[in-house]
Amino acid sequence: MRFEHAVLIDAEACIGCGLCRDDCPAGNIVVEDGKARVLAQDCIMCGHCVAICPRAAVSMTGFDDEPQKIEEPMALDENALLVALRSRRSIRRFADRAVEPAVVERVIEAGRLAPTGSNAQDVSYVVLQGAGKDEAEAYAVRLFRRVLPLAKLVSSLARRVDVGDRFFFKGAPVALAVVAKDEVDGALAAANMALMAEACGLGVLYSGFFVTATRFSFSLRRLLGLRRGQRVVALLVIGYPAVRYRRSAPKEPAYVRRP
Ligand SMILES: Cc1cc2nc3c(=O)[nH]c(=O)nc-3n(C[C@H](O)[C@H](O)[C@H](O)COP(=O)(O)O)c2cc1C
Ligand code: SF4
Ligand code: SF4
């Protein structure tokens with residue numbers, strides 16, 4: 001958490017139903033004399049108490065994010081979701097078309113809404129476009145060109161690779177670096193973002209190569225503004241696709257154990 005928050009309960013509005021107490025993952029709420037009371041302000045600030053209260057009696061200070069009323073339970077179409085998951089592909093050819101700023105914001109919003117361990121909300125984003133994107137790619141290209149001769153000694157795949165000027169971002173208009181201390185938090189945010197990008201008609205490529213470059217290039221870390229302990233967990237290259245896939249690709253079956 002980057003900011004200080006407090007959970008407040010409006011005793012006037014509270015009817016003592018106990019829903020907030022029963023749903024609090026931190027055992028941080030008691031109901032006494034028909035009114036809910038928060039025990040301490042060092043909880044994980046998950047907001048379940050805010051979300052569940054039938055009387056809107058609970059609030060949290062320090063957020064710009066107003067709770068929105070949920071009229072209907074979430075209804076994701078399972079078949080549509082499966083078709084979408086099956087038919088998505090990594091996109092490596094992009095149309096010469098800009099991504100609208102509002103669409104980039106939507107993609108980041110999808111990352112922001114992802115869950116994080118202990119509700120740490122420790123994920124941040126670097127938007128690479130224009131000159132900043134070119135500079136970042138140039139640093140990564142320089143690094144890879146230096147190590148490629150060594151890689152070619154041990155890997156036949158590396159022997160077939162040519163690290164061109166657009167090796168990492170494939171000429172796409174936007175690259176989004178997902179930065180986090182915790183890899184799982186960052187990866188979950190990235191997965192949300194990729195889904196949102198696809199829902200907006202964009203193509204997505206995870207650039208693991210670029211993530212590797214950020215581990216070894218000081219110049220890149222400086223450009224991305226990474227602080228101590230922060231790392232690029234995922235890099236999403238996004239843009240409108242210049243390619244259309246006509247069928248799904250085969251994948252290995254799930255390997256499932258049931259001990
Ligand atoms: C974490 C991660 C890193 C990846 N890094 C790269 C990369 O650096 N360059 C690339 O061309 N593809 C990269 N990919 C794409 C994978 O090669 C691709 O997902 C896989 O071959 C399956 O193809 P599909 O995504 O089209 O289903 C990456 C994928 C993931 C999930
Ligand atoms: S859920 Fe709301 S109304 Fe019910 S006890 Fe908690 S604060 Fe009071
Ligand atoms: S924010 Fe979460 S952890 Fe804190 S009191 Fe409310 S439900 Fe409990």
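# Notebook: a first walk through the structure

I started with Thr116, which counts as buried at 16% relative accessibility. Here buried means under 20% relative accessible area, exposed over 50%, and partly exposed in between, with a 1.4 Å probe and protein chains only. I found Thr116 in the loop between α4 and β5. Helices (H or I, at least four residues) and strands (E, at least two) are DSSP runs, numbered from the N terminus. Setting aside neighbours within four places in sequence, I listed Gln121, Asp122, Val123 and Asp185 as the contacts of Thr116. Contact means heavy atoms within 4.5 Å.

A note on what I am reading: this is a predicted model, in which local features need pLDDT of at least 70 and side-chain atom pairs count only at pLDDT 80 or more, while totals for chains, interfaces and linings use all residues. Residues are numbered from 1 along each chain as its sequence is written, chains are lettered from A and ligands numbered from 1 in the order in which they are written, and side-chain values use heavy atoms, with hydrogens and water left out.

**The whole protein**

I noted 9 helices and 8 strands in the protein. The C-alpha atoms fill a box of roughly 75 × 45 × 45 Å along the principal axes. Of the 259 residues, 34% are buried. I also looked up the contacts with a separation of 6 or more: 75% of them are between residues 24 or more positions apart.

**Helix α4**

Next I checked helix α4 (residues 101-112), whose 12 residues should span 16 Å at 1.5 Å a residue; the end C-alpha atoms are 16 Å apart, which agrees. The expected span is 1.5 Å times one less than the number of residues.

Which residues of α4 are buried? I wrote down Val103, Val104, Val107, Ile108, Ala110 and Gly111. They cover an arc of only 150° around the axis, so they sit on the same side of α4. The arc is that of the directions from the helix axis to the C-beta atoms. On the other side of α4, I found Pro101, Ala102 and Arg106 exposed. The cover over the buried residues of α4 includes β5 (124-129), β6 (174-180) and α7 (183-199).

**Aromatic rings**

I searched the whole structure for aromatic pairs, and the search gives 7. Rings of Phe, Tyr and Trp (its six-membered ring) pair if their centres lie within 6.5 Å; planes under 30 degrees apart count as stacked, over 60 as edge-to-face and the rest as tilted.

One of the pairs is Phe144 with Phe209, edge-to-face at 5.7 Å centre to centre and 75° between the planes. Phe144 lies in helix α5 (residues 130-154) and Phe209 in helix α8 (residues 208-216), so this pair ties together parts 65 residues apart in sequence. Phe144 counts as buried at 11% relative accessibility, whereas Phe209 is partly exposed at 46%.

Then I looked at Phe168 and Phe210: their ring centres are 6.0 Å apart and their planes at 75°, so this pair is edge-to-face. Phe168 is in the loop between α6 (156-159) and β6, and Phe210 is in helix α8, 42 residues apart. Both Phe168 and Phe210 are buried.

**Two ligands**

Around ligand 2 I listed Ile9, Cys14, Ile15, Gly16, Cys17, Gly18, Leu19, Cys20, Ala36, Cys53, Pro54 and Val58. A residue is near a molecule or strand if one of its heavy atoms lies within 4 Å of it. By class, this shell has 10 nonpolar, 2 polar and no charged residues. Ala, Val, Leu, Ile, Met, Phe, Trp, Tyr, Cys and Pro count as nonpolar, Asp, Glu, Lys and Arg as charged, and the others, Gly among them, as polar.

Ligand 3 has 13 residues around it, and Cys24, Cys43, Cys46, Gly47 and Cys49 come nearest. I counted that shell as 10 nonpolar, 3 polar and no charged residues.

Ala56 belongs to the loop between α2 (48-52) and β4 (58-60) and is exposed, at 66% relative accessible area. Lys170, also not a glycine, has a positive phi near 55°. I found Lys170 in the loop between α6 and β6, partly exposed at 27%.

I ended at Pro241, in the segment after β8 (231-239). Pro241 is partly exposed, with a relative accessible area of 32%. How far apart in space are Pro241 and Gly203? They are 5.0 Å apart, C-alpha to C-alpha, and 38 residues apart in sequence.
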